[in-house]
Amino acid sequence: MAFNYEIDNGIIKTYCRMCSYHCGIEVHISDSSIDKISGCKENPFSEGKLCIKGGAIKETIFSPDRLLKPLKRKDSKWQEISLRDALDEIAAKTEAIIKQYGPEGLGVWKGESLGSGQQRDLAHRFAQALGTPNIMSNDTLCAVSKKAAVKSVLGSYPMPDIQNAESIIIWGANPLASHFPLAQKIIKARKSGLKVVLIDPRQSTFTKHTDHYIALKPASDGALALGVINLLIKNNWYDEAFIEDHALGFSELAGYAGQFTAGRVEEETGVGPDDLQMLAEVIAKSAPASAFMVGVGPEHQDNGFNNIRAIASVFALCGCIDRKGGNLLPEKAGLNSAGPDSNRNLAADPIGKDIYPVFYDNHREAHTCMALDTMLDGKPYPLRGLILSGANPVQTNPDTRKVKKALSSLELFVARDLFMTETARLADYVLPAASFLERSEVIANGEPQTIALTQKIFSTEDCIDEYSFYRSILRRMGSDELFPWKDSAELNRWILAPLGLSQEELANNPQGYQYKPIQYESFQNAGFQTPSGKVEFTSHYLKELGYHELPVYEPSACTFNLEDSQDLEKGQFIMITGARQARFNHSCYHNIPKLSKAVPEPLLEINAEDAESLGIKDDDLVDVISELGSLTIKVLVKDTEAIMNGVVQVPHGFDNGNISEIIPDNIRDQVSGFPALKSVPVLLKKAT
Ligand SMILES: Nc1nc2c(c(=O)[nH]1)N[C@H]1C(S)=C(S)[C@@H](COP(=O)(O)OP(=O)(O)OC[C@H]3O[C@@H](n4cnc5c(=O)[nH]c(N)nc54)[C@H](O)[C@@H]3O)O[C@H]1N2
Ligand SMILES: Nc1nc2c(c(=O)[nH]1)N[C@H]1C(S)=C(S)[C@@H](COP(=O)(O)OP(=O)(O)OC[C@H]3O[C@@H](n4cnc5c(=O)[nH]c(N)nc54)[C@H](O)[C@@H]3O)O[C@H]1N2
Ligand code: SF4
Ligand SMILES: [Mo]
């Protein structure tokens with residue numbers, strides 16, 4: 001297999017994309033092969049540090065498992081096929097699907113490995129060129145719910161101003177596993193006095209870097225946030241002047257939050273009055289320099305949207321938005337967009353738009369769980385073809401049986417990946433994709449308002465990048481007007497043009513390019529980007545759609561009374577799934593021995609007291625039973641205070657113990673449509 005290097009010898013400075021954080025790397029090349037890859041010290045975001053995944057780039061990209069040739073399914077066997085023939089056949093079949101069912105009969109699915117920037121834009125542009133409204137992605141399960149919730153209050157999604165903050169409240173995230181460079185920044189700032197509070201039903205690896213850890217019941221964040229709001233208002237610890245000038249709905253919020261007394265909060269969340277008081281005081285004392293970070297913990301819940309609105313409201317109340325040390329509202333770069341024309345006429349409504357209009361308004365995508373139903377039942381119209389790239393929904397979407405059945409039922413299913421995954425195995429064509437070292441793209445480099453350009457290090461003949469793939473298909477269909485650029489390099493030149501930046505200026509530049517200096521308090525002139533231009537504690541937009549105007553707390557339908565001894569006796573638990581592990585990215589890298597050797601299978605975390613009550617100990621096997629079925633998993637017993645009573649945690653992404661098999665996909669947040677991946681009611685029984 002020939003690898004064609006861009007340079008034969010030398011060092012290229014570029015960015016890691018083993019996860020979405022883009023830490024700076026230096027790729028050392030000698031005699032047209034990669035010698036080593038090290039952290040790039042000049043990169044201001046990662047400062048030369050790499051996480052464990054960043055230390056396994058070479059092993060991953062040059063893994064013996066890597067797909068290097070296109071494959072076609074023939075009589076349930078894989079056959080190698082030339083790239084040209086594969087593209088000809090895929091284009092012809094795509095055209096046939098569109099002709100028979102209309103463009104909406106074809107879906108495009110982009111996964112997490114391609115990220116949310118330029119690659120997302122391109123996938124959307126590809127869908128527009130095909131005419132289909134059914135572009136979808138991992139974002140049915142990722143970040144859109146929390147972003148839409150926060151945006152309904154603040155108008156845009158903030159970034160914590162860590163360097164200048166006096167406190168940061170981490171609400172259901174584990175930055176050490178999931179946001180490695182950000183965790184380093186928090187740990188460093190803590191040495192200069194930053195106070196860190198972590199709110200999580202389980203103690204994660206980050207707990208030792210915090211000043212206060214608050215354990216709360218899963219899916220109860222809204223009640224805690226409303227309790228804080230009540231205290232802030234009662235004690236007059238909020239920013240009255242800010243609220244008067246820049247907020248809508250204060251009196252309604254104050255009236256509603258009044259119900260969330262310390263007693264009620266404790267009942268709903270398990271958080272006692274001292275912790276509640278401490279949390280309110282930390283925020284109030286450091287305001288406006290109090291930052292917040294919301295992770296997928298509160299988001300993967302059936303009541304997550306309103307819980308997260310309440311969290312954002314806490315920080316707005318204290319005036320911690322768009323102020324030094326609080327939460328920055330970054331401005332856009334003003335680049336040319338590789339995305340689609342958002343005002344285009346759609347052939348049909350995308351799947352899910354009618355049921356989850358807030359999700360659609362915020363993200364312009366179809367809903368994957370519902371699209372899988374459509375593949376099976378043809379409602380509201382047939383969806384018979386799918387082009388998927390950089391995703392592994394057999395592992396990462398809930399209800400695996402449904403996912404497999406739906407994908408297997410398609411007339412055309414094309415998967416693009418680096419590896420033969422459980423999802424790719426169901427496809428008609430599997431195309432080898434270019435890895436992040438084999439393509440160049442404009443990225444946000446982690447520092448606020450800063451962009452950078454990743455560098456292509458080498459290429460292989462058949463592993464083309466997404467841009468080339470989309471263009472090749474569309475050219476064959478005679479519909480490539482939206483893809484006029486010869487290749488990604490030409491495309492990148494066009495994207496950067498409005499800033500007057502050349503690719504050469506950005507290449508090999510580990511600092512990136514800050515397109516605008518950070519400005520605080522731009523709301524003083526420009527207001528907030530909500531419909532009213534103010535912070536919205538009450539949302540007319542949501543009310544018009546039939547949702548609560550206020551961030552009303554409704555207990556999750558998944559919870560039962562965790563203190564109820566009868567429940568515990570029955571072996572009932574709430575299962576959190578998918579807590580991030582530093583060595584994996586979702587379903588990725590389980591096939592890379594350097595990363596997977598130490599964790600070859602998923603482990604169910606349970607506390608010692610609960611384990612004892614079930615008569616199980618470390619390394620025992622338990623049957624985890626949900627309404628969808630049963631999975632047998634090995635147990636990891638934790639200290640009693642390390643995870644709440646009645647709560648267990650199982651990571652996702654393993655082929656040998658796929659937890660998605662027993663997660664229902666139909667218990668969803670009413671507003672955002674996000675499934676409750678982190679409150680699955682299960683029964684545990686010692687395996688016999
Ligand atoms: N190494 C690695 N890094 C990753 C990823 C990866 O797979 N691996 N994935 C990336 C992606 S796509 C994402 S979306 C991010 C996610 O990043 P994070 O949001 O930081 O995800 P986690 O590290 O799983 O942290 C979520 C925490 O929420 C807790 N939790 C569960 N339920 C609740 C609840 O109801 N309330 C509260 N307050 N906490 C709760 C869990 O116990 C867990 O510790 O990570 C990104 N980074
Ligand atoms: N139970 C449970 N399920 C979850 C979550 C959870 O917390 N709990 N989290 C959810 C979240 S937040 C997310 S974002 C999703 C992620 O879900 P997915 O989007 O399915 O992400 P991955 O599992 O990372 O799958 C990415 C695939 O892309 C391939 N790949 C890697 N690099 C490239 C590349 O450069 N090009 C191409 N074409 N392919 C590449 C990988 O080999 C892998 O097969 O999972 C969700 N699922
Ligand atoms: S956090 Fe790790 S995997 Fe993610 S970009 Fe940085 S080094 Fe790479
Ligand atoms: Mo995600």
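Why does E268 count as buried? The relative accessibility of E268 is 17%, and a residue is called buried under 20% relative accessible area, exposed over 50% and partly exposed in between, with a 1.4 Å probe and protein chains only. This is a predicted model in which local features need pLDDT of at least 70 and side-chain atom pairs count only at pLDDT 80 or more, while totals for chains, interfaces and linings use all residues. Residues are numbered from 1 along each chain as its sequence is written, chains are lettered from A and ligands numbered from 1 in the order in which they are written, and side-chain values use heavy atoms, with hydrogens and water left out.

E268 belongs to helix α10, residues 262-269; helices (H or I, at least four residues) and strands (E, at least two) are DSSP runs numbered from the N terminus. Leaving aside residues up to four places away in sequence, E268 is in contact with K217, S220, A223, Y553 and P555, where contact means heavy atoms within 4.5 Å.

Helix α4, residues 144-154, is mostly covered, with nine of its 11 residues buried. Among them are V144, K146, V150 and L154. The cover over the buried residues of α4 includes the strands β14 (290-294) and β23 (535-536), together with the helices α12, α13 (304-317), α14 (357-363) and α22 (540-544). Just after α4, G155 has a positive phi of about 90 degrees.

The largest nonpolar core contains 63 residues, and W171, L279 and F315 have the most contacts inside it. Such a core is a set of buried Ala, Val, Leu, Ile, Met, Phe, Trp, Tyr and Cys residues joined through side-chain atoms within 4.5 Å. Beyond four places in sequence, the residues that W171 touches include L279 and F315, as well as I199, L224, M293 and I311. A second, separate core has 43 residues, including I98, A338, L431 and F469.

Next come the ligands. Around ligand 1 there are 33 residues, of which S178, D200, A219, V296 and F584 come nearest; a residue is near a molecule if one of its heavy atoms lies within 4 Å of it. Helices α5 (175-178) and α12 (296-299) each supply at least two residues of this shell, and α12 gives the most, with three. By class, the shell has 15 nonpolar, 11 polar and seven charged residues. Here Ala, Val, Leu, Ile, Met, Phe, Trp, Tyr, Cys and Pro count as nonpolar, Asp, Glu, Lys and Arg as charged, and the others, Gly among them, as polar.

An N or O atom in the side chain of S178 is 2.6 Å from an oxygen atom of ligand 1. An oxygen atom of ligand 1 also lies 2.7 Å from a polar backbone atom of A219, and a polar side-chain atom of Q301 is 2.9 Å from an oxygen atom of the ligand. On its own, ligand 1 has 920 Å² of accessible area, and the protein covers 97% of that; accessible areas come from the Shrake-Rupley method with a 1.4 Å probe.

Ligand 2 has 34 residues around it, with N392, T396, D417, S587 and K678 nearest. Its shell consists of 11 nonpolar, 16 polar and seven charged residues. The side chain of S587 has an N or O atom 2.6 Å from an oxygen atom of ligand 2, and a polar side-chain atom of T396 lies 2.7 Å from an oxygen atom of ligand 2. For T577, an N or O atom in the side chain is 2.9 Å from a nitrogen atom of ligand 2. Taken alone, ligand 2 exposes 930 Å², of which the protein buries 96%.

Definitions and conventions:
A polar contact is a pair of N or O atoms within 3.5 Å; within protein, one must be able to donate a hydrogen and the other to accept it, and residues adjacent in sequence count only if both atoms are side-chain atoms.
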